[in-house]
Every structure is written in C-alpha cells, then in structure tokens.
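Please keep the structure open beside you as you read.

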Amino acid sequence: MPAQKESAPVRPVPFTPRPVPLSATLAVNEAIARRRREGRRVLPLGFGEAGIPIHPALTRELAAAAGRGGYGPVAGSAALRAAAAGYWTRRGLPTDPSAVVAGPGSKPLLYALLTAIGGDVVVPAPSWVSYAAQASLAGAEPIRVATPPGEGGVPSPALLADAVVRARARGREVRAVVVTLPDNPTGTIASEETVKRMCSVARRHGLVVISDEIYRDLVHEPGRTVPSPARHAPERTVVTTALSKSLAAGGWRLGVARLPDGPFGRALRDSLLGVASEIWSSAPAPMQQAAAYAFAEPPELAEHVDRSRRLHAAVAGAVADRFAAAGAKVVRPEAAFYLYPDFGPLRETLREAHGVRTAADLTNLLLERYGVGVLPGSSFGDAPSALRMRVAPSLLYGEDDEHRLAALASPEPERLPWVADSLDYLSDVLADLSASVTAAEPAGV
Ligand SMILES: Cc1ncc(COP(=O)(O)O)c(C=O)c1O
C-alpha cells in the first residue's frame, strides 16, 4: 500500500463519549444521599428499593455457594431453571425448564431481549424509566402509548393498534410491546379484560409481548391474581421476574426470563442466549444457587414475602391518604410500593404561589425546599406539564435492619414512631405547599 501523503486531510473525531444520562431513579437517590451527608432532613421517596432485610435463610444459601467460581451454562444452572419453571407453573403458567434463561438481574435480560427481538418497541405511558432508555440504547424507537385510566402498565389496546399502524406507515418496524404487571410507577394492576384485548392487538399486528412481572408476588389484596399475557397469547409472550423486589435482593443481581413455547420461542431463546453469551456469559453462580432455593418457595421465604406484601400495602396506603388529604388525586395502590399522585387539582394555586408549571418544577421544589425526593411523571414518559409524580415509600420502613424487621413484624407499621414521624413530615410539607398558596391568595378568597 502506498504511504499516505503527510498533507492528506485528517477528519477530526470528537474526543467525547456518547452522552447517556444516569437513570432518574439512581440520580434522585444520589441527590438524597448528598443532602443527608450535609446533615439536612430528607424524605427518601424516590428510589424503588424494597426496603426490607434479606432473609437469613437466603444469606445461608448464598454463603454455602460462595466457592462456586466457574462460569456455568449461559442459560443458567439446571437447578435454577427447574426451580423457576416450578415457580411459574404454580402460578398457572406451566413451564419447561428449557424455556428459562437466567441473567444478572431482569434489567439486563430486558435489554438483551430488546436486542434479540430487534425493531421498535411500544412502551406504556407512563412506564418504568428503563424501558424507553434501553430501547434508545439498543438503537430502537420507544413508542409511548397511554394506559387506560386507573390501569397502569398496559397500553390502551385501541391506542396500541393505532400507534403500530401509524409507526409502520412511516416506515418503522415495530416488533414488540412491553407491559408491567403489576405496574411501576402507578402501583396498579391492569384488568384481565385490558390484558386480553392488548393480547389480541399484539397477535393481529405480529408483536412480541414482554411482560415484566417482577412485582407479581406483591399484590396487596390476598388471593388477588395478576392477569398475565402469557395466558392469553402464550405463543408470543416472554415473562420476566427477579428476586429484587419480593425478596429485596436487588443488589444480588439475579433475574429470569420465561420464553414462549413453539418455534418462535425457541428461535428467540437462541438469539437471547447469543446476546447473553456476548455480554454476561452466565449469571453469578453462587447467586444462582440461592435463587434456585428462593424460587422453590420454602415456607420461611413465602412467609417473608407475605409479610413484606402486608407492610408495603399498609405504608403505601397511609402515604396515599396523606396525598389525598392535601388535595392531590391518587388512585389507591394495589401492589408493590409505589403510588402516582396527580397535583392537577392544585395546578393554578401551585403556579401562582411557586411558579410551578411542570412535574419537574414541582419535584425540584419538593427536593430543594423540603428534602422530599420523588420522581416527576415526565421521567416515566408522562407529559411534562402533567403534575404527576412517582412516590416510593419503602425507604421509610427504617434506616437499619432492626427498624426494618420491626416494621415487617408490626400489624400496624404506619404507627411505628419512625414511620409515623415521616408520614407527619410529609403531611406538614404538603400542608406548607398549600399554606403558601393560601398566603399568596388575595385576602377574603
Ligand atoms: C418494573 C421493573 N422492572 C425491572 C426492574 C429491574 O429489576 P432487576 O433488579 O431485576 O434488574 C425494576 C427495578 O426497579 C422495575 O421496577
């Protein structure tokens, strides 16, 4: 090859990384930690962590497996896959262990699924922060479709059909829809009828359904079941779950996916394993052993999950009451540890007293003035002007394991002094917001 002339022009390449913002949930967590270090009062309602201690039986299993240093199969160990298959089978979704793929958390599994499926993806509006962010990272377009009123996590079926037709008409290749059952951010559960209708739209338009069921075991009302698309469109539904929420093991990083039966499911599994093999090789081996134990649902863990379900229900309900008393509109949470109040009824007064025009204005005000960390609905794909926010009360259970265990054991955790103190501070903050509104109003109004 001839040597290049020294004078040949060299195209300058910017020496900057591709900007990828920190996930909104992690960012609010950091802001709260900073304020706490400065010795200022905080009310951490931003981060979606379960807030309960790891059960000692689970710790024992993990410790016993610490010597497992090998990689193991990409799909996960036979023991874990069999246990996860049993977990789903007990929930009315008969599963063969060969249909299970494990990963280091359900978040990377979801990203690998988007990559393996390819094409654009419909996400509910609002929905968990990472679906749209992951779709963009994977080079896909997240298409946001509103959920029916009062039913979070599943795009409204009629709007879904319309959005797919319109996106395809402009040349987009829409291949999947993500749903969250039960839902984060709203803490609600879509109805069986909505799930059924969403599944018919998915079938008619050839969409894969990714059903994120990480909160399935945290339904507040005992005995209430969660409608899974895997029952209504089994040939095209992938279900994901993890230990992060029901067993509060988010930091341990272990999730599982249940692939559909049939030729499409097998082909998708092969692609998913291809992606997994290039990114994480295998889920951490000691964690897989602990997870195999957890998915077998021994009575001590089932009892632990049941208590945490009751704790989440009591505190989320009490927090919802405080927001409702302050004049916000709030759908009563039905599952998990989230609620999604709407300050629309106070829009005019918040604008006049505080210049609040967007959800981010309101959540910034709450953080800066009162140390209350919540996330604006806009982080979840809601319209910026909608004055909605996601509130996650699970970090109120206590700052150490002693308090958290007491909260877990209490029949009325909302009355424990440290929980009640936080609830009262929340009421004071919300009252102060409207008190400054009252002060700003003309006399006599
Ligand atoms: C709806 C939803 N899916 C998935 C995840 C991620 O879970 P994992 O810890 O399994 O990656 C979260 C965590 O906040 C979540 O809220």
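A crossing of two helices is called left-handed if the near helix is turned anticlockwise from the far one by less than a right angle, and right-handed if it is turned clockwise. Helices (H or I, at least four residues) and strands (E, at least two) are DSSP runs, numbered from the N terminus. The model you see is predicted: local features need pLDDT of at least 70, side-chain atom pairs count only at pLDDT 80 or more, and totals for chains, interfaces and linings use all residues. Residues are numbered from 1 along each chain as its sequence is written.

**Helices side by side**

Two packed helices are described by the angle between their axes and the distance between the axes. The axes are lines fitted to C-alpha atoms, for helices over the stretch in contact, and the angles run from 0 to 180 degrees between N-to-C directions.

| Helix pair | Angle | Axis distance |
|---|---|---|
| α3 (residues 78-89) and α10 (residues 285-295) | about 25 degrees | 8 Å |
| α4 (residues 106-117) and α9 (residues 262-279) | roughly 120 degrees | within 9 Å |
| α4 and α5 | roughly 40 degrees | within 10 Å |

To put words to angles, under 35 degrees counts as roughly parallel, over 145 as roughly antiparallel, 65 to 115 as roughly perpendicular and the rest as oblique. With an angle of about 25 degrees, α3 is therefore roughly parallel to α10. The crossing of these helices, α3 and α10, is left-handed. Which residues of α3 and α10 meet? From α3 come Ala-79, Leu-80, Ala-83, Ala-84, Gly-86 and Tyr-87, and from α10 come Gln-288, Ala-291, Ala-292 and Phe-295. Here, residues are in contact if their C-beta atoms, placed from the backbone, lie within 7 Å. Sorted by class, this contact of α3 with α10 holds 8 nonpolar, 2 polar and no charged residues. In this sorting, Ala, Val, Leu, Ile, Met, Phe, Trp, Tyr, Cys and Pro count as nonpolar, Asp, Glu, Lys and Arg as charged, and the others, Gly among them, as polar.

Now turn to α4 and α9, whose axes cross at roughly 120 degrees; the two are therefore oblique to each other. Their crossing is right-handed. On the α4 side, the contact includes Pro-108, Ala-112 and Leu-113, while the α9 side includes Leu-268, Ser-271 and Leu-272. This contact of α4 with α9 has 10 nonpolar, 2 polar and no charged residues.

For α4 and α5, the angle is roughly 40 degrees, which makes α4 oblique to α5. The crossing of α4 and α5 is right-handed. Lys-107, Leu-110, Tyr-111 and Leu-114 of α4 touch Ser-130, Gln-134 and Ala-135 of α5. The residues here divide into 4 nonpolar, 2 polar and 1 charged.

**Around the ligand**

How many residues surround the ligand? There are 13, and the closest are Gly-105, Ser-106, Lys-107, Ala-242 and Ser-244. The shell has 3 nonpolar, 8 polar and 2 charged residues.

**Details in the loops**

The peptide bond from Ala-125 to Pro-126 is cis, with omega near 5 degrees, and Pro-126 sits in the loop between β3 (120-125) and α5 (129-137). Another cis bond runs from Leu-181 to Pro-182, with omega near -15 degrees. Pro-182 belongs to the loop between β5 (174-180) and α7 (192-204).

Notes:
Contact = placed C-beta atoms within 7 Å. Near = placed C-beta within 6 Å.
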